[in-house]
Amino acid sequence: MKKAMTLALGILTAVGGFFDIGNIATCVQAGARFRYQLIWSMVLATIVVILLIEMSGRFACATKKALPDAIREHFGFGFWLVPFLILTVIHILVLGAEIGGICFALHLLTGYPLQVFALPVAVLLWVFLWRATFSAIENSTSVLGLITLCFVVAAIWLHPPTHEVLQGALPSMPATNPENYWFIAVSIIGAVIAPFLFYFYSSGAVEDNWDRSYIPVNRAVAVIGMGFGSVISIAAIIVAAVVLAPRGIRVDDYHQAALMLIQVFPYWGYELFAVSMAIACVGAAIEVALSMAYTFAQTFGWNWGEDLDPAEDARFSLVYTLALLGASLFMLVGVDPLKLTLLTMAISAAVLPFVAIPMLLLMNDRKLLRDAANGVFSNVATAAIVVLTIVLAVVSIPLMVVGGS
Amino acid sequence: MFEELDMVRDLLDKQLVDADGTKMGRIDGIVLALDGDKQPRIDHLELGFAVLARRLHPRAEQWLLALRRRWSVRKSARQIVPVSKVMDITEEHIQLDLNALETPAFDWERWLRDHIVSKIPGSRSEQ
């Protein structure tokens, strides 16, 4: 029973890291502009993220170490410093975008400008992190996150043409605007395979005291948790394709995205969209803030743990505190949340090799993992993932320049 | 646990814990003693940002030491741990016969706890 409850970590990781502001933005644009044609990129991203999440969890089960910890230990400080600094910037940018998503959801519900909400949102998130234990965070976020299933309900209700949806699961060339098509394809992959996901998930496995007996559970959590996020994301593409595309709504800002549930839920579709967006972004913001604190604490060997009182891990707690304060500035000074999200997705796609390559090496360290090390299948898959991440790294920023509008 | 111990692979950058298991930093540097014709041996372990900075570039260490002269919470730029304090070496960490709270590795932690964190409500659950 206890092991069945660990699904909460998977759902939390999925609600937070998978279906978050980046996914809402990219999926809705994909559906509105290219209908079902970009579903394949979500399918591809899902397979990749399941494989990588499974590996980072298996690593934590076998070694009782999370990834940042192990990377510094095995590759040394000099190797880790540059990825660590880049990841710190990405953590702040993503956190800024998630806070932007929460502010925007509140703006949809109340009509007040985004700036009003920036600091209160940061403070509320902080209070939650300051007071709550890790399991309280897992359980509350994963239960509340079930509201995002409204996209799945809507997608089924709308009866999309099955053959077109299935066709979209295979890559095809776009009829028009190929720059934008490829930009969105890359953004979807970048939004799903967020670097912090793996650092968060493996640290969470350590927080939950997973050991080798959890390796099968970890596999199930990776598939079910990430599968959950993927189904919701594909549903969002479908709803946008059915509702927004025929009306020529291109989704240049989140106001247009908020219209997508109204056809299915006429009276409260707008509010439902806002609440789903807020919850998905709260989960993600908590995950990113914690991920940043985990990464700092493990890099320098500080005492860490969300179950400790802040007075027992002052440095750990101050990292997420400062991260939340710093990231709230983006909304406070009036940065457009959609632009911030798309920029963040492109940059985080560009740094994926820094995440994938050390992982491939670590997962083959038999001295460390013994029988839990990668087999042939996982290695072929990871090598393919490394190639994919390098391609993404090369194309993501140029594509943002030519196709990002 | 180990059949053999690689100094860089298995010791450098490894997590340190104190006698109670509290995490107290990582091995940022290892110093060997060379004594005439005798075999070189590990003399002590070093901890601290200054040690990390030196590993990157000697100038980085100079900058860090200059910063320290302005804001020095830590009593010494680097903490030296004699090898005799090493209690146990496992795959997970290296345990030292020390109390983390009393070492320079915890100077920042203690300062931040006393001056900032403990002033914020809710920093201890028993309150």
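Author: Let's start with what packs over a helix. In this predicted model, the cover over the buried residues of α6(A) includes α5, α7 (134-144), α14, α15 and α16 (337-350) of chain A.

Reader: Which residues of α6(A) are buried?

Author: Buried here means under 20% relative accessible area. In α6(A) that goes for A:L114, A:F117, A:A118, A:V121, A:A122, A:L125, A:W126, A:L129 and A:W130.

Reader: And how many residues does α6(A) have, and how far does it reach?

Author: You can check a helix by its end-to-end span. α6(A) has 18 residues and goes 26 Å from first C-alpha to last, close to the 26 Å expected at 1.5 Å a residue.

Reader: Now the two chains. How much area do chain A and chain B bury between them?

Author: About 2,900 Å², with 51% of it on carbon and sulfur atoms. On chain A's side, A:A311, A:R315 and A:K367 supply 21% of the area buried against chain B, more than any other three residues. As for who takes part, chain A brings 32 residues to the contact and chain B brings 36.

Reader: How many salt bridges are there between chain A and chain B?

Author: Look for oppositely charged side chains: the count is eight. Take A:D69 and B:R26, whose side chains meet in a salt bridge at 2.5 Å, N to O.

Reader: Which elements of chain A give two or more residues to the side that touches chain B?

Author: Those are α5 (67-110), α6 (114-131), α14 (269-300) and α15 (314-332) of chain A. α5(A) gives the most, with eight residues. Sorted by class, that side of chain A has 11 nonpolar, eight polar and 13 charged residues.

Notes
Residues numbered from 1 in each chain as written. Chains lettered and ligands numbered in written order. Predicted model: local features only at pLDDT ≥ 70, side-chain atom pairs only at ≥ 80, totals over all residues. Heavy atoms only, no water. Contact = heavy atoms within 4.5 Å. Buried area = accessible area lost by both parts, 1.4 Å probe. Salt bridge = Lys/Arg side-chain N within 4 Å of Asp/Glu carboxyl O. Helix = DSSP H or I, 4+ residues; strand = E, 2+ residues; numbered from the N terminus. Nonpolar A, V, L, I, M, F, W, Y, C, P; charged D, E, K, R; others polar. Expected span 1.5 Å × (residues − 1). Buried < 20%, exposed > 50% of the residue type's maximum accessible area, 1.4 Å probe, protein only.
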